[in-house]
Amino acid sequence: MKIIIHRGTQQTGGCAAEIRTEQHRIIIDCGANLPGSEMDDAITDEQLLEKLFHRGEPCDGVLFSHYHGDHMGLYREIPQEYPLYAGATAKKMLECLTKRLDSIPGTIKKGLPRIQGIQPYFPNKQLIFGDIKVTPYVTDHSALDAYMFLIADE
C-alpha cells in the first residue's frame, strides 16, 4: 500500500491524499485551497485535479472526512465516473446548503446533482475498495458528522 499526501501538510486547507495498491486507488478528501493559503511550492486546485483525475488512472472512490470546503471544496470538479462518499448526516446537510448555493444568481456549475449522488457511509461500518479497507470513525471536529479513517489492506 502506498500513501501519497498531495496537499495539506505544509498549508492550512486544500487537503488531498491518495491511497493506492497495485490494483486499487482511493482519494481521501479533495479540498479547495483556502484564500491566502497559497504557497510558492504548493500545487494549485487545477494541478491537483489534473494529478488525481485526468491521467487515465482508475479511482474506486473519493471519501470526504467532513463537509468543510478545504476538505471537499473541489467536489464539483471530480469527474462523474468517480463515486463520492461522505457521512450520511453530512450528505443531508450538504443537500440543504447546496440547494441554497445553487439558487444564487450567476451560479454556473450546479452542485446539487453531484451531492445527491454521494454514497453515505456510517460510523464503524467498513467500506471495501478491492484490497483497500476503510473504516470510518467519528472524530471531534468543528463539523457535525466528521470522520477519521482506519485504512488497511488485506
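**Sheet, helices and cores**

Helix α1 lies across β1, β2, β3 and β4, and runs at about 160° to β3. Helix α3 (residues 88–102) also packs on the sheet, where it touches β5 (84–87) and β6; its direction makes about 105° with that of β5. The model is a predicted one.

**The sheet**

- The sheet is open and has 6 strands, in the order β1-β2-β3-β4-β5-β6. Its pairing is mixed.
- β1 and β6 (119–121) are the edge strands, each pairing on one side only.
- On average, neighbouring strands are turned by 25° against each other, direction ignored.
- β2 and β3 pair in the antiparallel sense, over 5 bridges.
- R20 stands opposite R25, a residue of β3.

**Helix α1 and its cover**

- α1 spans residues 45–53, and its buried residues are D45, L48, L49, L52 and F53.
- These residues cover an arc of only 95° around the axis, so they sit on the same side of α1.
- The cover over them includes four strands: β1 (2–7), β2 (16–20), β3 (25–30) and β4 (61–63).

**Nonpolar cores**

- The largest nonpolar core has 22 residues. Within this core, C30, F53, V62, F64 and I78 touch the most other members.
- β3, α1 and β5 each supply at least two residues of the core.
- α1 gives the largest share, 4 residues.
- Another core, of 13 residues, lies apart from the largest one. Among its members are I19, I26, L127 and I132.
- In soluble globular proteins, nonpolar side chains tend to be buried together.

**Contacts of V62**

- With residues up to four places away in sequence not counted, V62 touches I27, C30, F53, I78, P83, L84 and Y85.
- Two of these partners, C30 and F53, are listed with V62 among the core residues that touch the most other members.

**A86 in strand β5**

- A86 is found in β5.
- A86 counts as buried because its relative accessibility is 3%, below the 20% cut-off.
- Leaving aside neighbours within four places in sequence, A86 is in contact with F64, I118, Q119, P120 and Y121.
- D60 is 26 residues from A86 along the chain, and the C-alpha atoms of the two are separated by 14 Å.

Technical notes:
Residues numbered from 1 in each chain as written. Predicted model: local features only at pLDDT ≥ 70, side-chain atom pairs only at ≥ 80, totals over all residues. Heavy atoms only, no water. Buried < 20%, exposed > 50% of the residue type's maximum accessible area, 1.4 Å probe, protein only. Arc of directions from axis to C-beta. Contact = heavy atoms within 4.5 Å. Pairing = 2+ DSSP bridges. Axes fitted to C-alpha atoms, helices over the stretch in contact; angles between N-to-C directions. Core = buried A, V, L, I, M, F, W, Y, C linked by side-chain atoms within 4.5 Å.
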